[in-house]
Amino acid sequence: MVKRVVSTKWIVDVVVELVGSILIALALYNFALMAKFPMTGFSGISFILYRLFKVPIGLSTILLNVPVAFLCYKLLGRGFFFRSIRCMVLSSLIIDHVAPLLPVYRGDRLLAAICTGVIGGLGYAIIYMRNSSTGGTDFIIMSVKALRPHLSLGKIAFLSDIGIILVGGIIFKDIDGIVYGMIINYIFAIMVDKVMYGMNSGKVALIVTEHGHGIADVIDQTCGRGSTIINAHGGYKKKEKDVVMCACSTKQMYQVEQGVKQIDPEAFIIIMESNEVLGEGFKNTRVAENK
């Protein structure tokens, strides 16, 4: 019974959520709050309540989350719901009780904005990678992701948070704050996408050659990657050709190039960037899935 409740995956999830929550707390309390940035999501609303009425940020975040959490429960599934509730409570407690014990940055606002975006984006990203969230607009973001899987999390988050930044800036009459808030929001989006999808990124090579099988063999020998041979027909000389398609990491692409030159120095090679590669040999990051 204990093994079923406290599994290795559960321990890893909690540790990752703890690390992510600490990073988020540092970004929000130790950099953003003292710089008086209008922040994104429910954190932004909590910041407004804190500055107006001194309501603890973590407490107001939990209270704001309750109705949204239950509205999104059915769409996101039980597992994601309970992981997010756990992470939300954890991050809220750290913001209210741990972050105040740490030093607060009181320097340049631009540097504070950059640190907020980088540290907070990293924290959110590693939590998303465990198919969890900190609640708030994360529930809304993940719901949109579940409905529209082709959209990236960073882009959904960026669009959903612009309104809250504008409201915070208008209430406190801080035009510079709105600009800084936009910068933070943009860095959040970039960090989330780079951390989550960057590890799945790579390169794709299309190799036009008359020695398709030989090149496929040398790719397998040099970097252990599989390839696909496509039969093609030249448009100019009308000759039969092979097109060898291979997806690999950026580092392995150099090995592929050298191997191709050994087999066929006259091969025509097209190398393209790939934002995400899924399948055998590549890490598969799943978010906002019920299963």
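A residue is called buried when its relative accessible area is under 20%, exposed when over 50%, and partly exposed in between (1.4 Å probe, protein chains only). The model is predicted, so local features need pLDDT of at least 70 and side-chain atom pairs count only at pLDDT 80 or more, while totals for chains, interfaces and linings use all residues. Residues are numbered from 1 along each chain as its sequence is written, and side-chain values use heavy atoms, with hydrogens and water left out.

**Exercise 1. Determine how far strand S1 is enclosed, and which strands pair with it.**

Step 1. Strands (E, at least two residues) and helices (H or I, at least four) are DSSP runs, numbered from the N terminus.

Step 2. Because six of the eight residues of S1 are buried, the strand is largely enclosed by the rest of the structure.

Step 3. Two strands pair if DSSP finds at least two bridges between them. S1 is joined to S4 (residues 268-274) by seven bridges, antiparallel, with Lys203 partnered by Glu273.

Step 4. Seven bridges also pair S1 with S3 in the antiparallel sense; here Val204 stands opposite Ala247.

**Exercise 2. Identify which face of helix H10 is buried and what it packs against.**

Step 1. The buried residues of H10 are Gly212, Ile215, Ala216, Val218, Ile219 and Cys223.

Step 2. Viewed down the helix axis, these residues fall within an arc of 165 degrees (directions from the axis to the C-beta atoms), so they line one face.

Step 3. On the other side of H10, His213 and Gln221 are exposed.

Step 4. With contact meaning heavy atoms within 4.5 Å, the buried residues pack against S1 (202-209), S2 (228-233), S3 (240-248) and helix H11 (250-263).
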